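Thanks for coming. I will go through one model today, from the overall figures down to single residues. Please have the sequence and the coordinates open.

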Amino acid sequence: MANPEHEDMIRRDVDTWNAWRQADPGVRPDLSCANLQGADLTMANLSGALLTGANLVLANLRGADLRAADLGGANLVGARLLGVDLVGANLSGADLSTAEDLVQDDVNEACGDETTVLPEGIARPAHWLAIKKVSLKAVFSRFVDHWQPRIVADIHGVQVKVVKLLGEFIWHQHEDEDELFLVVKGRLLMRFRDREIAVEEGEFLVVPRGIEHQSVAEQECEVVLIEPGTTLNTGNVRNERTVTEPERLA
Ligand code: NI
């Protein structure tokens with residue numbers, strides 16, 4: 001847990017905080033799990049600070065010095081990060097989705113891994129991970145909605161996605177892509193115009209390109225999809241169920 005004096009001081013006034021940091025550079029600030037939601041931390045000297053698990057939702061970190069800070073598991077959703085210095089900062093497990101004004105160069109200088117959630121448009125630096133392990137249980141626990149595929153891996157232009165199904169999807173086909181449906185939990189009924197095939201837990205089915213199909217799940221079903229990255233979930237049909245840019249979970 002955070003040192004309450006440190007947490008109080010930074011919440012009260014960043015100038016006082018910065019003066020203290022300068023006067024006492026040997027102290028490592030402990031703001032782990034601190035609640036700094038919405039705090040104005042403009043130009044704050046947070047170099048080397050312990051910010052693991054801190055709540056920095058919507059915090060203003062413009063120009064903040066976060067060099068070598070430990071932001072492991074911190075929540076930075078919607079945080080403002082213009083001009084932030086992240087050299088050597090740890091972003092493992094940090095959630096930076098919808099963080100504003102973050103630029104690729106800043107992220108490239110930080111350390112992170114497959115558990116770091118980056119805002120749209122920011123790529124995971126190649127040096128962060130050469131090998132990644134993904135827990136299907138963990139990724140399926142991160143969302144509750146249905147028919148919204150999410151990307152968990154890329155393999156030479158092919159993507160691995162996870163999706164929960166419930167009810168009936170629309171009839172569609174993919175002109176150029178084959179789709180693999182691997183059922184992890186539940187039961188998927190795949191309808192074709194001339195037959196239907198039940199795919200049980202632990203089984204998979206490949207729908208070849210050009211074949212019209214409709215997914216049906218009478219009860220909630222968890223599915224891993226393996227298909228080219230160009231595959232649109234609704235294929236040749238575009239409607240409110242079309243997901244043009246699936247979220248990336250890993
Ligand atoms: Ni399809």
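**Overall figures**

Of the 250 residues of the protein, 35% count as buried, where buried is 20 or more other C-beta atoms within 10 Å of a residue's own, exposed is 12 or fewer, and partly exposed is in between, with C-beta atoms placed from the backbone. This is a predicted model, so local features need pLDDT of at least 70 and side-chain atom pairs count only at pLDDT 80 or more, while totals for chains, interfaces and linings use all residues. Residues are numbered from 1 along each chain as its sequence is written.

Along the principal axes, the C-alpha atoms fill a box of roughly 75 × 30 × 30 Å. Read from the N terminus, the order is α-α-α-α-β-β-β-β-β-β-β.

Next, the domains. The assignment, of the automatic or database kind, gives domain 1 as 1-130 and domain 2 as 136-228. Their C-alpha centres lie 38 Å apart.

**Cores**

Which residues have the most contacts inside the largest nonpolar core? They are Leu31, Leu41 and Leu51, in a core of 37 residues. A nonpolar core here is a set of buried Ala, Val, Leu, Ile, Met, Phe, Trp, Tyr and Cys residues joined through C-beta atoms within 7 Å.

Take Leu51 in detail. Leaving out residues up to four places away in sequence, Leu51 touches Leu31, Ser32, Leu46, Ala69, Asp70, Leu71 and Ala74. There is also a second, separate core of 15 residues, and Leu165, Phe181, Cys221 and Leu225 are among its members.

**Two backbone angles**

Finally, two residues to look at in the backbone. Met43 is a residue other than glycine with a positive phi, near 60°. Met43 sits in the loop between helix H2 (14-23) and helix H3 (104-108). Is Met43 buried, exposed or partly exposed? Met43 counts as partly exposed because it has 15 C-beta neighbours inside 10 Å.

Leu58 also lies in the loop between H2 and H3. Phi of Leu58 is near 60°, again positive in a residue other than glycine. Leu58 has 18 C-beta neighbours inside 10 Å, so Leu58 counts as partly exposed.

Notes
Two residues are in contact if their C-beta atoms, placed from the backbone, lie within 7 Å. Helices (H or I, at least four residues) and strands (E, at least two) are DSSP runs, numbered from the N terminus.
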